[in-house]
Every structure is written in structure tokens, then in C-alpha cells.
Amino acid sequence: MVHDEEVLQAVAVTFELTGTQLSEAATRVFADDLSKYPKGQILGALTKCRKEVRGRLTLQDVIGRLADGRPGPEEAWSMIPRDEAQTVVWTEEMTQAWAIAEPLLTENDQVAARMAFLEAYRSMVMQARDSGVAVKWTPSLGHDPHSREAVLLEAAEKGRLSAHHVARLLPYRD
């Protein structure tokens, strides 16, 4: 496989700055493992690693820092609905992790629900990234029509939903 020299150099520099010793062949394999992700995401994740990783660099350190449009675990937790009245725009991984945490929320065990959500979400995001699955945002319309508009407009503004999709969900707006 032909490697992008900029990525190879960034990997080598990141190894050096994190005190990670790898041969040139291992560096190439490491870069090859990252090659399924967009170059900009790889370079951004390596920059984060140089600033954040203390000690030996792993592939998971880099993959876990890819800016692929998925929110971090804490942000994802803060976005999930607390009842059926709330509208939410969330990722597939957030939906699945919420399904695990929801029974605990119903029992009013906030701490256990949060822990279950975070563990499941981290695992699902890592699995999706490992598989190269792109982020997919989906709206779930709550019963409260007053909060719906703000959530959907914010999702459009952040590029999570298309303006056309939001317009179909808010037909009374121009």
C-alpha cells in the first residue's frame, strides 16, 4: 500500500513525542491501520495525541480522538432525552446506549444510568470507528412541540440534519 508521507511523518513525530519506540515497518503498519479514515481526521487525531497522551501511543489512542462528527461520551449523555416530551437529534450509538440506560432512568437511578450509557456509548463508538462506519444523525420527535423547533434548527445549523429534512419536520416555517 502506498502511504501518504504527511501521515507517516505525523505518526513518526507523534511516536517520538509520546516516547513510543517503533521500527519503520511498525510505523508503516500503524499508518496503514489508520488509512481507512480521512487524512484530515487522522492528522487532527495525531495532533490531539501529541497534546494529550502521556506514555506509549496506541492505535486506540488515535482512533478514539478522530473527529468523525460523533459527540464525546459526556456530551452525548447530556443530549439524551430525559422523557418522551423532549425532541432529540442523536446518533445510532447514542440511541443504542440510551436503550441500555433507559430502564435505569425509569427506576430513577441516575448514576447507574449514566455509567451504563457511557460504557455502552464508548464501546459502540469505538466499534463503529473500527469498522469505518460514518456517523448518522436521526431526529426523535418528542411530544412537546415548543422545544422541537429549537432542537431541529440547532441540528441543521451544526450540519447534523439537512435544512430540507428539518423543513419537512417543521412545515409551518418558511
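## Helices α1 and α3

In this predicted model, helix α1 passes helix α3 in a left-handed crossing. The axes of the two helices come within 9 Å and cross at roughly 15 degrees. Because angles under 35 degrees count as roughly parallel, α1 is classed as roughly parallel to α3. On the α1 side, the residues that take part are E6, V7, A10, V11, V13, T14 and L17, and they meet K39, I42, L43, L46, C49 and R50 of α3.

## Overall organisation

The protein chain contains 9 helices and 2 strands. Read from the N terminus, its elements follow the order α-α-α-α-α-β-α-α-β-α-α. Along the principal axes, the C-alpha atoms fill a box of roughly 60 × 40 × 25 Å.

Of the 174 residues in the protein chain, 36% are buried. Among contacts in the chain with a separation of 6 or more, 67% are made by residues 24 or more positions apart.

The buried residues of α1 are V7, L8, A10, V11, T14 and F15. These residues cover an arc of only 165 degrees around the axis and therefore lie on the same side of α1. An α-helix has 3.6 residues a turn, so residues three or four places apart point the same way.

The face of α1 turned away from this buried side carries E5, Q9, E16 and L17, which are exposed. Helices α2 and α3 are included in what covers the buried residues of α1.

## Packing of α1 against α2

Helices α1 and α2 pack at an angle of about 120 degrees, and their axes are 10 Å apart. This angle makes α1 oblique to α2, and the crossing of α1 and α2 is right-handed. The contact brings E5, V7, L8, V11, A12 and F15 of α1 against T27, R28, F30, A31 and L34 of α2.

Within α3, the residues I42, L43, A45, L46 and C49 are buried.

## Helices α6 and α7

Helices α6 and α7 pack at an angle of about 160 degrees, with their axes 8 Å apart. Because angles over 145 degrees count as roughly antiparallel, α6 is roughly antiparallel to α7. Their crossing is right-handed. From α6, the residues E93, M94, Q96, A97, W98, I100, A101, L104 and L105 meet Q110, A112, A113, A116, F117, A120, Y121, M124, V125 and A128 from α7.

The loop between α6 (92-106) and α7 (110-131) contains N108. Most residues other than glycine have a negative phi. N108, although not a glycine, has a positive phi of about 65 degrees. N108 is exposed, with a relative accessible area of 60%.

Is E93 buried or exposed? E93, which is located in helix α6, has a relative accessible area of 7% and is therefore buried, as the cut-off for burial is under 20%.

Setting aside residues up to four places away in sequence, E93 touches R70, Y121, M124, V125 and A128. Of these, Y121, M124, V125 and A128 are among the α7 residues that meet α6. E93 and M124 are 31 residues apart in sequence, while their C-alpha atoms are 5.8 Å apart in space.

Methods
Residues are numbered from 1 along each chain as its sequence is written. This is a predicted model: local features need pLDDT of at least 70, side-chain atom pairs count only at pLDDT 80 or more; totals for chains, interfaces and linings use all residues. Side-chain values use heavy atoms; hydrogens and water are left out. Buried means under 20% relative accessible area, exposed over 50%, partly exposed in between (1.4 Å probe, protein chains only). Helices (H or I, at least four residues) and strands (E, at least two) are DSSP runs, numbered from the N terminus. Axes are lines fitted to C-alpha atoms, for helices over the stretch in contact, and angles run from 0 to 180 degrees between N-to-C directions. Angles under 35 degrees count as roughly parallel, over 145 as roughly antiparallel, 65 to 115 as roughly perpendicular and the rest as oblique. A crossing is left-handed if the near helix is turned anticlockwise from the far one by less than a right angle, and right-handed if clockwise. Contact means heavy atoms within 4.5 Å. The arc is that of the directions from the helix axis to the C-beta atoms.
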